[in-house]
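Let's take a friendly look at the pockets of this protein. Have the sequence and the model open as you read.

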Amino acid sequence: MKIYIMTDIEGVCGIVNFDDWCTPQGRYYEEGKKLLTLEVNAAIDGFMAAGATEILVVDGHGHGAINHLLLDPRAQFMRGPQPGPYPFMLDESFDAMAWVGQHAKAGTEKAHMAHTGSFDVIDFRINGVSVGEFGQMALCGAELGVRSIFASGDEALAQEAAALVPGIETVGVKRGLMPGSGDEYDGEGYKLRNNGAIHLHPEKARQLIRAGAERALRRFAASREQFALLELQPPFRKEVRYRSNGSKPARTVYAEHPDSVIGLLNK
């Protein structure tokens, strides 16, 4: 049973804001990497308990966020340039895919540090369906026949994942506090507006993640069809709306691909 884990850092319990915790210049960057890695280890432990035989952990945070020295030695680790980049080394050999530390998509109400790729994005749509970073990779997996079975992050991400992929197992480790979409803000203002959240204790979060990962894989082993495989019909078209940020004006960009979501995301 081969499992693919995509990671990010903004959805991790205890990660309070972007500038201090998510960038190499931040005061708590190394502590943030530790918090993420320990959540990933909890998921690995749960998957292994449910029968996983091979796990690949992909560091999906732009600046990098996995502490390789702390990572569970039963997993392999991927970071660095790769073809595409989508689908980040995911292929048909994987049985299932999961997310740890994932945040909600841009514009999500009461989400903590919500964004899609960058804080400049207002909305990202594929064939009219609004998706964030979770949805983009879930669609890549669906194109390859790999089902999405587990996602942890803030509660807004958990709700987003459950709405997009019926049957997916989710764990919320914190909840954002800010109402509204924030569409009226520029990029820097939007980054700062969503920093308010209520967090579980990190140890409690890891307990929930471990239990959720084990439960997800046991369900998957019993019946893969419990987890929906997303379907969009070609041709594929993306529409990305950007807010203004500094000297960059608000704008909308488009791209199309005749038969592949992965090809579309790489344009």
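## The second largest pocket

Sorted by class, the lining of the second largest pocket holds 1 nonpolar, 3 polar and 6 charged residues. Here Ala, Val, Leu, Ile, Met, Phe, Trp, Tyr, Cys and Pro count as nonpolar, Asp, Glu, Lys and Arg as charged, and the others, Gly among them, as polar. The residues in question are K105, T108, E109, K110, E155, A156, Q159, E160, R175 and G176. Two or more of them come from each of α4 (155–164) and β9 (174–176), and α4 makes the largest contribution, 4 residues. Helices (H or I, at least four residues) and strands (E, at least two) are DSSP runs, numbered from the N terminus.

The volume of this pocket is about 150 Å³.

## The largest pocket

At least two lining residues come from each of β1 (2–7), β4 (96–102), β5 (121–126), α3 (133–144) and β11 (236–242). With 3 residues, α3 gives the most.

## How to read the values

The model is predicted: local features need pLDDT of at least 70, side-chain atom pairs count only at pLDDT 80 or more, and totals for chains, interfaces and linings use all residues. Residues are numbered from 1 along each chain as its sequence is written, and side-chain values use heavy atoms, with hydrogens and water left out.

On a 1 Å grid over the protein atoms alone, a pocket is an open set of points where a 1.4 Å probe fits, with protein on both sides within 12 Å along at least five of seven lines; lining residues have an atom within 4 Å of a point. Points are joined across faces, edges and corners, and a volume is the space filled by probe spheres set on them.
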